[in-house]
Amino acid sequence: MKSILRHSTSLILYAGLIVSICLSVWSLLRTDIYRQQTELILGQASEIQWRASQSKEKVARIIGYLNVAVRSGEKPPRLLLEIQLLSFNLKSLVHLDYAATFITPQNIAGLHKAIKAVDTVVLPVAAIGKHYEQALGPMLVIDEYLAGLASAAVDHSQALSATSHIATDAARNRLVFFGALSALILSIISIHQYSRINRKKDQHIRSFSLLFAHMTRTRITALRLFLGYLDGKSHPPREMADAALRTIVELESINEGLMTIGHARAELQPAPLATLLEDIVRNCKYDLRIDADGEAGAVRVPASQFHLLIDELVRNSINAVAARTDPAISIRAYVRRRFLRGAQLVLIVSDNGTGMSPSVLAKAREPFFSTKAGVHVGLGLTNCVELIKTMAGTLDIISAPGAGTSVRITYSI
């Protein structure tokens with residue numbers, strides 16, 4: 001349950017980090033979009049204001065020409081051209097694609113009326129050169145209307161620009177918030193990973209202590225029994241003395257191996273897995289089939305621990321296939337990739353030996369259990385389990401009577 005909770009916590013933290021980063025990127029993109037929209041609004045508003053101001057200038061000039069014409073009775077030479085330019089400007093303004101964004105429907109309708117008045121009243125008067133006073137009235141109305149239109153367009157463009165600026169500021173605030181949230185989650189992940197590493201170190205120390213206890217307790221008990229027997233008057237049997245000597249040799253071997261592992265310099269411990277497998281194959285009396293790709297062979301593992309572990313599993317397989325006429329022992333290794341988690345080295349030692357019954361298999365991982373008590377001088381399968389635990393790995397056993405045994409080691413790279 002605790003392992004599931006730890007894994008869930010890691011996944012939740014990484015998922016939160018990914019979501020926060022995605023939202024930060026989204027906020028950044030939205031900020032740029034709002035900036036572009038603000039620039040577009042300002043550009044469109046400037047176009048509306050420029051055309052409205054140009055039209056108002058034309059109207060003022062036309063009104064001046066009409067006043068001169070009314071008083072002098074003569075047709076100004078540029079009057080007709082200015083009226084045509086005014087009509088063109090008003091039509092261009094009303095036909096802009098974004099005119100409805102800045103100009104209200106009432107003002108759009110007013111623009112159409114102004115264009116109609118210019119085309120049907122003012123332009124014919126200028127064309128025939130008579131009754132100029134008839135054109136003055138509509139032109140004064142158009143002048144007042146254009147003044148109101150320019151003011152309304154300016155106010156509306158300012159409102160749109162302010163709205164866009166607010167949206168831009170909001171997007172920037174979201175960007176800052178999600179950026180800070182990402183930094184916070186990264187800090188939490190760092191603290192979590194640091195605590196996890198420390199927990200693993202503590203677990204390694206406890207596992208080493210249990211490993212030493214498992215490997216020495218039964219042997220020390222046997223020596224105590226032997227020494228207790230020496231207190232009697234009769235001499236111990238030869239078999240008991242030989243067993244005591246073997247036990248002493250085993251204890252010395254265990255202590256030497258553990259001291260080598262415990263005091264070895266960290267930078268000298270790792271070695272390529274391929275190098276260890278070559279050494280084991282070279283010293284094995286059976287033909288071992290090795291199936292390890294280049295990636296798995298190049299993985300650097302704790303040399304002393306892995307050599308001791310693989311050698312023990314191979315020895316167990318040799319004992320299991322001793323009675324077969326077609327013995328087969330294989331070692332397979334590959335690297336397994338995991339999403340959002342570190343890669344793992346998977347190493348499998350298989351044989352076609354006698355296998356284990358379900359009852360023996362159920363006890364194979366229990367402390368102090370052995371199927372070769374008194375004659376085995378290696379680690380033993382239970383101690384292999386404890387040894388791989390010291391490296392934060394796992395060991396799984398699959399076996400059936402007559403079908404052989406397969407031991408899988410999983411080690412985080």
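1. Start with a term. A residue is buried if its relative accessible area is under 20%, exposed if over 50%, and partly exposed in between, with a 1.4 Å probe and protein chains only. S87 is buried, with a relative accessible area of 8%.

2. Know what you are looking at. This is a predicted model, in which local features need pLDDT of at least 70, side-chain atom pairs count only at pLDDT 80 or more, and totals for chains, interfaces and linings use all residues. Residues are numbered from 1 along each chain as its sequence is written, and side-chain values use heavy atoms, with hydrogens and water left out.

3. Now the overall count. The protein has eleven helices and seven strands. Helices (H or I, at least four residues) and strands (E, at least two) are DSSP runs, numbered from the N terminus. Of the 413 residues, 37% count as buried. Contact means heavy atoms within 4.5 Å. Take the contacts between residues at least 6 apart in sequence: 75% of these join residues at least 24 apart.

4. Look at a helix pair. Helix α2 (residues 79–94) packs against helix α4 (residues 105–128) at an angle of about 160 degrees, and their axes are 10 Å apart. Axes are lines fitted to C-alpha atoms, for helices over the stretch in contact; angles run from 0 to 180 degrees between N-to-C directions. α2 and α4 are therefore roughly antiparallel to each other. The cut-offs are under 35 degrees for roughly parallel, over 145 for roughly antiparallel, 65 to 115 for roughly perpendicular, and oblique for the rest.

5. The crossing has a hand. α2 passes α4 in a left-handed crossing. That is, the near helix is turned anticlockwise from the far one by less than a right angle; clockwise would be right-handed. The contact between the two helices includes L79, I83, L86, S87 and L90 of α2, and I108, L111, I115, V118 and D119 of α4.

6. Back to S87. This residue sits in helix α2. Leaving out residues up to four places away in sequence, S87 touches V118 and D119.

7. Next, the sheet. Five strands make an open sheet in the order β2-β4-β5-β7-β6, with mixed pairing. Its edge strands are β2 (288–292) and β6 (394–400), each pairing on one side only. Two strands pair if DSSP finds at least two bridges between them. From one strand to the next, the twist averages 15 degrees.

8. Follow the bridges. β4 (residues 329–338) and β5 (residues 341–351) pair in the antiparallel sense over nine bridges. R332 has I348 of β5 as its bridge partner, and A333 has L347 of β5. β5 and β7 are also paired in the antiparallel sense, over eight bridges. Here I348 is partnered by R408 of β7, and V349 by V407 of β7.

9. How covered is β5? Nine of its eleven residues are buried, and β5 is described as mostly covered.

10. A333 is found in strand β4. A333 is buried, with a relative accessible area of 3%. Leaving out residues up to four places away in sequence, A333 touches L273, D291, A292, D293, A296, V346 and L347. A333 and V349 are 16 residues apart in sequence, and 8.9 Å apart in space, C-alpha to C-alpha.

11. β6 and β7 run antiparallel and are joined by seven bridges. L395 has I409 of β7 as its bridge partner. The hairpin of β6 and β7 has three residues between the strands, and G402 takes a positive phi near 80 degrees there. Helix α11 (residues 381–389) lies across β6 and β7 (404–412), running at about 150 degrees to β6.

12. Finish with helix α7. Which residues of α7 (residues 273–282) are buried? They are L273, L276, L277 and I280. Seen down the axis of α7, these buried residues fall within an arc of 100 degrees, so they line one face of the helix. The arc is that of the directions from the helix axis to the C-beta atoms. On the other side of α7, E278 and R282 are exposed.
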